[in-house]
Amino acid sequence: MFSLRAWIGTKPKGPKPGFVKVGSLDDFPDNSARVVVAFGRDIGVFHVGGTFQAIDNICPHSNRPIGTIDYDKDHVTCIWHGLRFALSSGICPEASHYRVVKYPVEVFENDVLVGPCLEDGPTDRGVD
Ligand code: FES
């Protein structure tokens with residue numbers, strides 16, 4: 001007899017809808033970061049302390065790339081003027097009106113995938 005519950009339980013689960021592959025786990029060893037392109041945006045993907053985070057790679061201070069050179073488990077520091085952005089929220093702790101959007105990250109099998117941003121855009125794109 002066919003069991004829908006058993007069939008659903010054995011069906012391989014895939015990544016969430018709308019997520020796009022940005023690399024494999026080999027491309028993102030722990031304590032690494034790199035910029036990828038997805039959804040027509042440059043996105044910084046960070047794998048720090050076993051956790052993946054992704055944020056827009058455009059600094060709202062003056063619309064330049066933030067970069068992935070200087071980061072720790074909580075923040076990335078913009079290469080231009082040193083503003084930091086929290087990887088967990090995208091908010092700049094020194095000037096909270098500056099915020100970059102976050103993207104969800106999922107690991108499925110050996111793939112690293114980024115999902116579409118569901119937030120509003122940055123709060124401030126002006127130049128101080
Ligand atoms: S452009 Fe990022 S801190 Fe100024």
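User: How many bridges pair β7 with strand β8, and in which sense?
Analyst: In this predicted model, β7 and strand β8, which covers residues 75-77, are paired over 2 bridges in the antiparallel sense.

User: Which residue is the bridge partner of D70 in β8?
Analyst: The partner of D70 is T77.

User: And what sheet has β7 in its order?
Analyst: β7 belongs to an open sheet of 3 strands with the order β7-β8-β9 and antiparallel pairing. The edges are taken by β7 (70-71) and β9 (84-86), each of which has a single partner strand, so one side of each is left without a neighbour in the sheet.

User: Why does E109 count as exposed, and why is F39 partly exposed?
Analyst: E109 counts as exposed because it has 9 C-beta neighbours inside 10 Å, and the cut-off for exposed is 12 or fewer. F39 has 13 other C-beta atoms within 10 Å, and therefore it is partly exposed.

User: Then G50: buried or exposed?
Analyst: G50 counts as exposed, with 8 C-beta neighbours inside 10 Å, and it lies in the loop between β3 and β4 (51-56).

User: What separates the C-alpha atoms of G50 and K73?
Analyst: They are separated by 9.5 Å, while the two residues are 23 residues apart along the chain.

How values were computed: Residues numbered from 1 in each chain as written. Predicted model: local features only at pLDDT ≥ 70, side-chain atom pairs only at ≥ 80, totals over all residues. Buried ≥ 20, exposed ≤ 12 C-beta atoms within 10 Å, placed from the backbone. Helix = DSSP H or I, 4+ residues; strand = E, 2+ residues; numbered from the N terminus. Pairing = 2+ DSSP bridges.
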